[in-house]
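Please have the sequence and the coordinates open while reading.

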Amino acid sequence: MIYVVGHKNPDTDSICSAIVLAHFLDGAPARLGDLNPETEFVLKRFGVMEPELIKSAKDKKIILVDHAEKSQSLDDLDDGKLIGIIDHHKIGITTSEPILYIAKPVGSTATIIAELYFKGMMEFIGGKNKELKPDLAGLLLSAILSDTILFKSVTTTDTDRELAEKLAEIAGIKDIYSYGMEMLKAKSTVGSMSPEEIITIDYKDFEFNGKKIGIGQVEVIDVSEVEAKKQDIYNALEEKFKEGYDLILFLITDIMKEGSEVLVVGNKEAFEKAFNVKLDNNSIFLEGVMSRKKQVVPPLEKYYMQ
C-alpha cells in the first residue's frame, strides 16, 4: 500500500491533493493533523471522506504532496520508504536513493496533479488514467482556489487559472468566484477558535542554517474576528517559541485589503534586517504580502544563510 500524505497542520491543498493522487495510484490518502474549517467545508461540499490520520512512516511506502521539508513531515519519515514527492515549494529534502520528484512553480500542488491528469500522464508516475469524477475535480479546484487565495496571491499562474476553469466545468461549479468566496468565508471563521487553534490552522516549521523558524498564517475576510484576540494569539506564540525557535512569524492576511499584519516573536532583528522594515510594538503590516512561500520564506532564508 502506498500512502499519499501532505504536511503537518494540513491545509486544503495538502488534503485534497493527497485524496486525488491516491485515487489514481490506488493508494491511501493520509493526513498528519486535524482538518481546518475550510477543508471540512470542501470535503462536505463534495461528499468525500477525510483521509486517515497516520503518526508513523514505519514500514510504509510514502509519497509526499505539498511539502518537501522533513520538519513539516512525519517525524520518523526515514523509517519508511519515501518513493515520491509532488510539490510546488522549494526543495528542502535530500534522499539516499532516486525517487519520483515532480515540482513546478505554480499556485498549488493540485495544479500539478490536474495537469498530469489532463495530459494523460498518470501512468508516467505509476498511476492509472482513470476518469476524474466531479467530486475529485471539485477537490482539486478547491485546493487551487485556496492556495492562490482566489487568484489574488503572487504565486498564481496562468496555468492555475486555466486548469481551474477546466476543473470547474467537470465539478459543475458555474461561478468560480462565488464558490471561492464561500470557501474563504469558511476559512476565515476563526472567531470561535482559541488562540492556540488559530496559530496552528496553517503553521509550518523551517530550518535555516541550523536555526528553527516557524511561520504561521491565517487568512480572513473580516479582520475584526482576529483583532480582538491578537494579544492572546501573541501570548500563544510566545509559549510556542519556548520549543527551541529562533524566530516565529504569524501572518494575519487580510484577503480584501491584500496584505498581512505580521506578529513577530523572538529574533526581531533578523526579521527587520531580512525585510528592511522597523517593527512597531512587535508587529507590522506588509502591504501586498499574501504568500508565505514566495514573499516570506525567501528573504528569511537569504538572511539566515548569509
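Which residues in helix 5 are buried? They are Asp-160, Leu-163, Ala-164, Leu-167, Ala-168 and Ala-171, where buried means under 20% relative accessible area, exposed over 50% and partly exposed in between, with a 1.4 Å probe and protein chains only. The model is predicted: local features need pLDDT of at least 70 and side-chain atom pairs count only at pLDDT 80 or more, while totals for chains, interfaces and linings use all residues. Residues are numbered from 1 along each chain as its sequence is written, and side-chain values use heavy atoms, with hydrogens and water left out. Helices (H or I, at least four residues) and strands (E, at least two) are DSSP runs, numbered from the N terminus.

**Helix 5**

- Seen down the axis of helix 5, the buried residues fall within an arc of 145 degrees, so they line one face of the helix; the arc is that of the directions from the helix axis to the C-beta atoms.
- An α-helix has 3.6 residues a turn, so residues three or four places apart point the same way.
- Asp-158, Glu-162, Glu-165 and Glu-169 are exposed on the other side of helix 5.
- The buried residues of helix 5 pack against helix 2 (37-46), helix 3 (109-118), helix 4 (134-147) and helix 6 (176-187), contact meaning heavy atoms within 4.5 Å.
- Helix 5 has 14 residues (158-171), which should span 20 Å at 1.5 Å a residue, and the 20 Å between its end C-alpha atoms agrees with this; the expected span is 1.5 Å times one less than the number of residues.
- Gly-172 follows helix 5 and has a positive phi, near 80 degrees.

**Helix 3**

- Helix 3 is largely enclosed by the rest of the structure, because 8 of its 10 residues are buried.
- Those buried residues are Thr-109, Ala-110, Thr-111, Ile-112, Ile-113, Ala-114, Glu-115 and Leu-116.
- The partners of the buried residues of helix 3 are helix 1, strand 4 (61-65), strand 5 (81-87), strand 6 (100-103), helix 4 and helix 5.

**Helix pairs**

- Two packed helices are described by the angle between their axes and the distance between the axes.
- Axes are lines fitted to C-alpha atoms, for helices over the stretch in contact, and angles run from 0 to 180 degrees between N-to-C directions.
- Angles under 35 degrees count as roughly parallel, over 145 as roughly antiparallel, 65 to 115 as roughly perpendicular and the rest as oblique.
- A crossing is left-handed if the near helix is turned anticlockwise from the far one by less than a right angle, and right-handed if clockwise.
- Helix 1 (residues 12-25) and helix 3 have axes that come within 9 Å and cross at roughly 25 degrees, which means that helix 1 is roughly parallel to helix 3.
- The crossing of helix 1 and helix 3 is left-handed; Asp-13, Ser-17, Val-20, Leu-21 and Phe-24 of helix 1 make the contact with Thr-109, Ala-110, Ile-113 and Tyr-117 of helix 3.
- The axes of helix 4 and helix 6 are 10 Å apart at an angle of about 70 degrees, so the two helices are roughly perpendicular to each other.
- Helix 4 and helix 6 form a right-handed crossing, with Leu-141, Ser-142, Leu-145 and Ser-146 of helix 4 in contact with Ile-176, Tyr-179, Gly-180, Met-183 and Lys-187 of helix 6.
- Helix 10 (residues 268-275) packs on helix 11 (residues 292-305) at about 110 degrees, with the axes 9 Å apart, so helix 10 is roughly perpendicular to helix 11.
- Ala-270, Lys-273, Ala-274 and Phe-275 of helix 10 meet residues of helix 11 that include Gln-295, Val-296, Pro-299 and Tyr-303.

**Loop residues**

- Val-190, in the loop between helix 6 and helix 7 (195-199), is buried at 0% relative accessibility.
- Not counting residues up to four places away in sequence, Val-190 touches Ile-198, Ile-201, Val-218, Val-220, Glu-225, Val-226 and Lys-229.
- Met-121 lies in the loop between helix 3 and helix 4 and is partly exposed, with a relative accessible area of 30%.
- Asn-276, in the loop between helix 10 and strand 11 (283-287), has a positive phi near 55 degrees and is exposed at 71% relative accessible area.
- Asn-282 sits in the loop between helix 10 and strand 11; its phi is positive, about 70 degrees, although it is not a glycine, and at 25% relative accessibility it is partly exposed.
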